Amino acid sequence: MNKILLIIKREYLVRVRNKTFILSTILTPLLFAGLITAVTFISIKKVDQEKIAVIDNSGMLEGKIENTKALTFEFPKGVDSTNYIQKGYTALLYTPGGNVQGYKLISKKQFGMVAEGQLEDKINETLENQLLKSKYNVDLKELEAERKKAGSVSIDQTYQEGSEVKKGNSKLAYGIGYGCGFLIYITLLIYGNMVMRGVSEEKTNRIAEVIISSVKPFQLMIGKIIGIGAVGLTQFFIWIILLVGLMTAATAVLSKDTLKQAQESTQQMPGGSMQAASGATGGFDAISETLGQANWVLIIGCFLFYFLFGYLFYASLFAAVGSTVNEDAQDAQSLQLPITMPIIVSIIIMINAITNPSGTLATWASLIPFCSPIVMMARIPFGVPGTVPYWQLILSMVLLVAGFLFTTWLSAKIYRTGILMYGKKAGWKEMWKWAFRSN
Amino acid sequence: MQLLQLRNLKKYYATQKAVDDISFSIEQGSIFGLLGPNGAGKTTLLRMITGIFYPDEGEIIFNDKKFDPLNDTLFIGYMPEERGLYKKMKIGEQALYLARLKGLSKNEAMEKIKYWFTKLGMESWWNKKVEDLSKGMSQKLQFVTTVLHEPKLIILDEPFSGLDPVNANLIKDEIFELARKGSTIIFSTHRMEQVEEICDHIVLVNQGKKILDGTVQGIKQQFKENLFRVQLSDIPSEVRSDAFEVTKHSEGQLTVKINEGSTSNDVLRYFINENATIEAFNEILPSLNEVFIKQVEGTKTTRQFQKVVA
């Protein structure tokens, strides 16, 4: 036991003191925060004013079109396509045949998507406005005001959990579930690979033989796996602290107005994806409000459990593969595939399952140890025991722990033979034989 | 007292009998040579002694008790043929780590490391990394980490490969000193001149079987061919005797093979009678190299894969 501790300590310290670890641990959240800040600031930056000269033959626009932040409309006399630049306009808008559908824009530069979108919206709005007014005698402004008074529809979800009625928020659950599943997916791959490289490095360095003359192969393997797992937990811990710190700092520095402004300007952007993004990022107040609704203790607790045991489940398999690798890194790639495949399949199932967290696929996949860490983590934010009954959660955890014990037992046998086997390229068939040999 | 006894050890792999019924014993404090051509089964044998492999059959008696790989490995220091150290780890920390894996406490380990580093002039290496060392330097470090915990049994697989003569001598002196202090040393190599120089007792294995076992002198005697070298001031033009035959004739020297039933005195008597002045007369014992080659020759030098029916 004492020796395993020594090995864990070495594996942990060597990695934590590594410059790349320190840099990536500190830089990743900073980069993340920097990116968000940069996007925010760019979006609230003052948009260039475009002065547009309009030759309005139809008379539909003059005096009726409103200026926007980015666009100013003027109706000068004696301006045509040859002299609008000299007169200080950036663009000329005209209707060639007096046809209101076919507006033409001449400018000295290509208009951006935002400006073009705004221009189209503005013209449409003006024309629509006039149409409504002339045909139905409706003032759009009044209509808008009425609509605001009435308020638009949004579904207020509540659900029953035991005797308690809880306020639901499927969007939030979706976000958290997706984030957790993805984080586990990435960490499984990163730390699994770290274990594999560590083992194959020990083998090719020939240090394995020296160590194994002092400790049992299993001790070396489990020590490495636990040491690297501890590195992963440390990294998460630092990230959480840094992110919380940065969030606090950001909300302190950025005033509410700036945030609102940022929100508005993102909403002004055209395109569905942008709208969705602003829906998710926008409403800072709403987010911090709804974040409080999630059961954080349960989510973080389960996350740590599924990260840890998911990692342990896969890490020993990665160690087994690492032990069979010789100098050729190419071998590792092909041997690694059967292990990375289930992880990749899990993320595909997860993306599917999160849209229907109580479905058959989601339920089954969250029980099977190969994919349960990723899929179950995507379901938990939807509510326990609402979406995930207790028996499913417990069964999933028990199966994962059992799975981890099984893969560790299996890998230890492969590892024990592989780590001392040189020169020969081991295939899956061989590893299978090593695993089920009697001694 | 015998520190280590191997009794009918067997280890079969799927396609070959790596170790096939080998027994021998090693005296405490002796330097023991385990010889054999490539692929003879030396490494497998050593790995069983170090507790890395379990024998299929037979038993190992260590220190008068049945070998217990879990605890007895603390009394063994093993330096494998292929050196292995963590390249990116600092040398001091590495030595400390390996010593502690052998069960030394931190203070004990530090004390011993300081002693050895000072002794071999390695004090300035502490904060360097192994990747900064030359091959010979890392060899020295590997040797230190092997003997640091004062093992009763030290197993050195080709300890001099890659060392220059000065450093090789340094290590050789340390080996002698360790043996004098009571450590038993198993020395595995195929460099015969080193074996003659260092070892008290040798065992030769080939194709998984023991083919020779004895002291260096004993084996040389066993394989001597009754050859003598006679140095004469003036070689007679014709040498003819019933007692011996001349096998080689060179400048001022004759190599003679004594026939059965005669002794070296008969050779001397002949030359005295011939009135030749004898300047030197000595027996030519075969070198271990010759014995080795003679024993191994004729067998297939590379191992053939065969189906094992165990």
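This is a predicted model: local features need pLDDT of at least 70, side-chain atom pairs count only at pLDDT 80 or more; totals for chains, interfaces and linings use all residues.

Colleague: Okay, helices first. At what angle do α11 and α15 of chain A cross?

Modeller: Helix α11 (residues 296-324) and helix α15 (residues 390-418) of chain A cross at roughly 20°, and their axes come within 8 Å. With angles under 35 degrees counted as roughly parallel, α11(A) and α15(A) are therefore roughly parallel to each other.

Colleague: And is the crossing of α11(A) past α15(A) left-handed or right-handed?

Modeller: α11(A) passes α15(A) in a left-handed crossing.

Colleague: Which residues meet there?

Modeller: From α11(A), they include A:Phe305, A:Phe309 and A:Leu312, and from α15(A), A:Met397, A:Leu400 and A:Val401 are among them. By class, this contact has 13 nonpolar and eight polar residues, with no charged ones.

Colleague: Switching to chain B: what is the strand order in the open sheet of four strands?

Modeller: The order is β12-β13-β11-β14, with antiparallel pairing. β12 (244-250) and β14 (278-284) of chain B are at the edges with a single partner strand each, so one side of each has no neighbour in the sheet. From one strand to the next, the twist averages 25°.

Colleague: How many bridges link β11 and β14 of chain B?

Modeller: Six bridges, in the antiparallel sense. For example, B:Gln231 has B:Ala280 in β14(B) as its bridge partner.

Colleague: Which helix packs on that sheet?

Modeller: Helix α9 (residues 264-273) of chain B does, touching β11, β12, β13 (253-258) and β14 of chain B. The direction of α9 makes about 20° with that of β11(B).

Key:
Residues are numbered from 1 along each chain as its sequence is written. Chains are lettered from A and ligands numbered from 1 in the order in which they are written. Axes are lines fitted to C-alpha atoms, for helices over the stretch in contact, and angles run from 0 to 180 degrees between N-to-C directions. Helices (H or I, at least four residues) and strands (E, at least two) are DSSP runs, numbered from the N terminus. Angles under 35 degrees count as roughly parallel, over 145 as roughly antiparallel, 65 to 115 as roughly perpendicular and the rest as oblique. A crossing is left-handed if the near helix is turned anticlockwise from the far one by less than a right angle, and right-handed if clockwise. Two residues are in contact if their C-beta atoms, placed from the backbone, lie within 7 Å. Ala, Val, Leu, Ile, Met, Phe, Trp, Tyr, Cys and Pro count as nonpolar, Asp, Glu, Lys and Arg as charged, and the others, Gly among them, as polar. Two strands pair if DSSP finds at least two bridges between them.
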